[in-house]
Amino acid sequence: MINNISKKLLTLVALVFVLTLNTFAQDGDAAAGETLFKNNCAQCHATDASVVVGPGLAGIEDRRDAAWLKKWINNPAAVISSGDKYAVELYEKFNKTQMTAFPAYGDAEIKNILAYVKTANAAPAAAAPGAAVAAPAQETSGGKFFNIVLVALLVIMALVLVALLAVLRLLSTVAKGESLEDVPSAMDSLKSTLKSLSANKTIVTAVIWMFVLLGTKATLDGLYKIGVHQGYAPTQPINFSHKLHAGDMEINCAYCHTGVYKGKQSGIPSSSICMNCHNTIKRESPEIQKIYTAIEKNQPIEWVRVHNLPDLAYFNHSQHTNVAGLDCENCHGDIKNMEVVQQRHTLTMGWCIDCHRKTDVNSKGNAYYDALLTAHNSTSKEAMKVEDIGGLECAKCHY
Amino acid sequence: MENTNKRYWKGIEELKNDISVVKNADKEFNLEGLEGGTYRRDFLKMLGFGVAAVSLAACNAPVRHTIPYLNKPEDIEPGIPNYYASTFAQAGSYCSILVKTREGRPVKIEGNKMSGVTKGGVNAQVHASLLSLYDNERLKEPTKGGKKITWAELDKEVSAALASSSNIRVVSNTILSPSTKSVLADFASKYPSAKHVTYDSNSASALIEANGTSFGKAAIPSYLFNKANVIVGINCDFLGTWLSPIEHAAQWAETRRLSSAKGGKKTMSRHYQFETGMSMTGANADYRGMFKPSQEGVFVANLYNRISGIMGVGSQLSVAKGDFENIDKCAKDLVAAKGASLVVSGSNDVSVQTIVNGINSLLGNLGNTIDFGTTVNYKQGSDAAMNQFVAELKSGAVDAVIFLDSNPVYDHLLGADIAEGLKKAKLSVAIADRANETASLCTYLALNTHYLESWGDASPKAGYYSLTQPVISNIFNSRQGESSLLAWAGKSSDYQAYVKNVWSSGILNGKTWIQALHDGVYESPNTTVAGASFSGNLADAAAKVSSVKSSGIELYVFENVTIGTGIQANNPWLQETPDPVSKVTWENTAAFSQKTAADLGLEVGDWVNLTIGVNTVELPILIQPGQANDTVTVAMGYGRTAAGKAGNVGVAMLPLLKGAATASNLWVGGAKIEKTKSGYTLAQTQTHETYMGREAVVQESVLSEYVKNSKAGRFEPMIATSDGLKKPYSITLWNGHEKKNHSWGMVIDLNTCTGCAACVVSCQAENNVSVVGKAEVARAREMHWIRIDRYYSSDAPEEEGYSVSGYKAMETASANPEVVFQPLMCQHCSNAPCETVCPVLATTHSSEGLNQMTYNRCVGTRYCANNCPYKVRRFNWFKYFENDNFDFHFNNELGRMVINPDVTVRSRGVIEKCSMCVQRIQAGKLTAKKEKRRPVDGEIETACSQSCPTNAITFGDMLDPESRVSKLLVQEEEGRRFQLLEEINVIPQVNYLVKIRNKDGVKKAEAVAHTDHAEHAGH
């Protein structure tokens, strides 16, 4: 057993070593390359040899040299029209679909991407440990399970209590020396007990009060839920699966939701973004055909809004994603596993406030917060929370 | 307290303790007209409805859709504004602007700082032009005889009719655009009989003509107010409406700015104003005099004589010596500042302008403060050409007429003649945005676009060019006028290409088209200031002005700052913006001096019939301090009949002037006044929102005192305690609020605020402030978040001091009072009285010094408004959107496109107030955070501070030592800085700087012209 573990450890160490070596040898930053690749290339290319939209990139460096690649990536149209044999063949092979140009990519970016492709191919196992994402969604299902267990336990305890009482009673009659026949039937004794209970004013009042209080609480709870649509999962005009796109295909959220790091709205992708991939992939699918119909009819797709904030609340995505560095899952739940998107959280003010109380300000490396942080640290040993810099003030969200 | 011998009053009513003022002095809102209370049955009904509504709402949430673009334009990201440089050029008014658009719709107009002309300033009319874009009463289709017609048919019919016409006229207001002029030239080359006639409603034709005869240059020079030490305006509202008010105001303010720092600037220009009614410019003058309009010529001739007398050059003009208030002093100051003085006149009388030219020439101002090296194009109208056109039209000689974005039937003196003559023209086409007074009489209406939907350009001055680009596609089936003309001239109607071609071939020199479009402007100014030599016929001019006879009560018609000549009359923002001086909204009034009103037996609240010859109009009266006796002043631009629901208010004045010899100069004598009814309440904001008698809100002094003591005029209240007198801020019951991050604040310089109301409209646009209409304004329920208080002051002669007669003098309304403008918004008190009284914590304090108002928490008790010492809180008495009782832009879908999506539209029953543009603060901070830096000063501006043409309002972070606000506060700490009502220790975030007048000294007996009319009794 121990042997086994140490062996595994050794392989891991070796792997990491090889990886680092690899990175050095490549003279490119594989980590930076990974971000670039996932955000911009992964929609069409795989790191292995399999074809997605375009060719797989495994062994690309053996096939083409760096200069050609740069020319191609920056402006594929120019390379094709220059009559480059390889390029023309590629173009023909992929149904005359031309690759998107990335004119801004310089040598460094391309090297980084190539480095990533190489590491991905050298160690497919190393791609696995990426599960460090917090999954707050589990918290709610965990809560439910806990409730069920609690109720079950209570029921069992009640049953045990009843059984014990019955046994106790039986034993006490026996101990008193009374015959078992004289013992009033369980039913009769229950009746007499109830009678005596209903005659007791204190108990009656207590019971009535209990009902009133429970009723009030239920009403209040109900009222508080007005306008809260937790679990809202409307049917969308197109059966779009986030699980497939964001989960299985690992497409970066910002690829489609282009505004999420930039502005107030994350944005629903325009049909043109769908067409980046779906002009070749699964064109025949009836769901994809809906997009084509929309484009032909010049009629935009009317998606149903899942997450609705009231107009009186101002929410800005970029403050939370870009500045605070929060993951989308924080508020939207485990999107990567949702076939149909649903509202996972209450989106109530209490929920917002709660998070603002608990969350540390992402102040690291952001000069905006420097002075605030110094001031905070001089008076407190706790980490600086959003609350501490005015995150609970009304006019942060209401104006 | 230095100011004890001065009493400030907002209106005659207040000074006289009018019953309406006294009754409402302790009330924030006028509650009259609210009937009944809440009854049990109503309460139960409401309760029942409430329960039902809540349960219904709980059943099912409405499905909300979110609709993305099919093909998203690359430069539009939902939620992120885009800015485009463009140009406002309307009938010669010019402003270089930036248009903020959200998801492809313009939501705000801001100034373009790259412009060398307007330098980032914007005025009320330019701000409000945004709302004119979303005017639901613009026509939707081109029409023929009032019926819809397609563009193809219209083009065919109009082209055919033009081809068979032998005498074509194109009538327009001043056109600043070189491209439009080129289009007109192309049109004329296709139809050689076509002539272009230019007119201006408020014409400067005489100025151009006089410059032609005086200097041999028939053009308007640049006036350099910033180089003048003595400025004299003669019936010339150069800060408000004359030629280029934004530009002039900035120049004027440059000479009025002071610094209390050691070695700081302690000199300022001296501004004289001589006029008939109290104009905004007159209200800002140091010394002011009044004359009847018939005396204008005599006045300038007298001024000439006095100057030439002192200087000993030039011959005296033969004109009767007149005695005018302050004229001798003015002449003396002008001579002392020769070469650095400036005399301007708004007169449209060639003789008057010739004498003014003579004065400037005598003083050596040409080539110094008057620059013929850079002539301006703001007014190009020719009265002679227009009169000739009207005569020809009436005679039937003109067989085809095209009105290019002009409405002379309403806004020209001969409008009635044009309406009559139009019947004789075979072809009449109006290129207009609605069936206005002129267009409704024309056969064809070629629907014009709004300028925000159009391409175009402008050349306000020689060497200065700017571009107009569309920021939204055409909302209706309209086509811009130039394209229409090109189509009828048989050319390509692609006006974008046309403008680009004009610019690439003739204007751009080294700069690319894209760069020019980005900047909005292209400038290659002539930097040498050129003069001209005077050769005008002064004797002839003097003879002409002497022959003008004064007769009875004289009517003087003027252009006001908000409505102007009435082009944008159907703009509820402009209608509801109070006139800077009279503070009247939604209508024009007949302004009389106190003496004249008393002579005629008129009182506040009366209406009069004003008769000139056979024409009579009925108007409400206004008793206007500073009005010349025996005159009545009325604004033009009102009384439109085909502008739209908001615009058809007030009374049209130009028809009254028709036929009078003096008409082109907008005045006429022999007015008959007859009282018709009384008891009317003007929708006038001046006495609303009182300070309950705490009068130290205005602090002022004169330059001579200020030079000696930079704290002159400061009122520093002290609180009596058991330990002796203490400063109010040193004793407190409050805990205060810690500000660690930012402390947003403002400094408002009363010296450079002209009262122009640009900030009021800018704020209204930025913050979705509702328009409430005349009836509600009359009830003191206007919603403006920033108001400009206008105080008159009665000045008792100092020697009378604390005597009985001194106090009595203070109670007399001056016939010619001094005026103070004071912009007032929420002061964001650090010890805010409103916060402590809110029972639901709807108004709270932020850690950045802001007083926050949370609408969704407000239950409408109005305790806060009652407890606000500045009366800046506004209550939503009604739901002002989607409500047919408030049928303004919030009541139609098109109008609601103007709403700023970042600011909540408030509903009924909540209080609202200035938020210091917290949405802009938040956006600015976010940008800084994203770029991992602190916000830079100037990056975050409030709507009011940003649009101020004179930079009177400075906004910034008072914790940032490098910000302009902090520097100003340091500079003025031991100087002019004061806060309103310091004695109540609320510690506002807004600071004011004492107003300094360039007067010789504290008033002596000289200044006060006591009116000796009997006190009005009977209230």
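Visitor: Why are α10(B) and α11(B) oblique to each other?

Guide: Happy to walk you through it. This is a predicted model, in which local features need pLDDT of at least 70 and side-chain atom pairs count only at pLDDT 80 or more, while totals for chains, interfaces and linings use all residues. Residues are numbered from 1 along each chain as its sequence is written, with chains lettered from A and ligands numbered from 1 in the order in which they are written.

Helix α10 (residues 296-311) of chain B packs against helix α11 (residues 327-336) of chain B at about 50°, with their axes 9 Å apart. Axes are lines fitted to C-alpha atoms, for helices over the stretch in contact, and angles run from 0 to 180 degrees between N-to-C directions. Helices (H or I, at least four residues) and strands (E, at least two) are DSSP runs, numbered from the N terminus. Under 35 degrees counts as roughly parallel, over 145 as roughly antiparallel, 65 to 115 as roughly perpendicular and the rest as oblique. The two helices, α10(B) and α11(B), are therefore oblique to each other.

Their crossing is right-handed, meaning that the near helix is turned clockwise from the far one by less than a right angle. From α10(B), residues including Leu303(B), Ile307(B) and Ile310(B) meet residues of α11(B), among them Ala331(B), Leu334(B) and Val335(B); residues are in contact if their C-beta atoms, placed from the backbone, lie within 7 Å. This contact between α10(B) and α11(B) holds nine nonpolar, one polar and three charged residues. Here Ala, Val, Leu, Ile, Met, Phe, Trp, Tyr, Cys and Pro count as nonpolar, Asp, Glu, Lys and Arg as charged, and the others, Gly among them, as polar.

Now follow α11(B) to the sheet. The helix α11(B) lies across β11, β12, β13 and β14 of chain B, at about 135° to β11(B). Helix α12 (residues 350-362) of chain B packs on the sheet too, touching β11 and β14 of chain B, and its direction makes about 180° with that of β14(B).

The sheet is open, with four strands in the order β13-β12-β11-β14 (chain B) and parallel pairing. Two strands pair if DSSP finds at least two bridges between them. β13 (287-290) and β14 of chain B are the edge strands, each with a single partner, so one side of each has no neighbour in the sheet. On average, neighbouring strands are turned by 10° against each other, direction ignored.

Strand β12 (residues 270-275) of chain B is joined to β13(B) by four bridges, and Glu275(B) has Met290(B) as its bridge partner in β13(B). Strand β11 (residues 230-234) of chain B pairs with β14(B) over five bridges, in the parallel sense. There, Val230(B) stands opposite Ser341(B) in β14(B).

Finally, look at strand β14 (residues 341-345) of chain B itself. Five of its five residues are buried, so β14(B) is largely enclosed by the rest of the structure. Buried means that 20 or more other C-beta atoms lie within 10 Å of the residue's own; exposed means 12 or fewer, and partly exposed is in between, with C-beta atoms placed from the backbone. In a regular strand the side chains alternate between the two faces of the sheet. Ser341(B), Val343(B) and Ser345(B) cover one side of β14(B), and Leu342(B) and Val344(B) the other.

Methods:
Contact = placed C-beta atoms within 7 Å.
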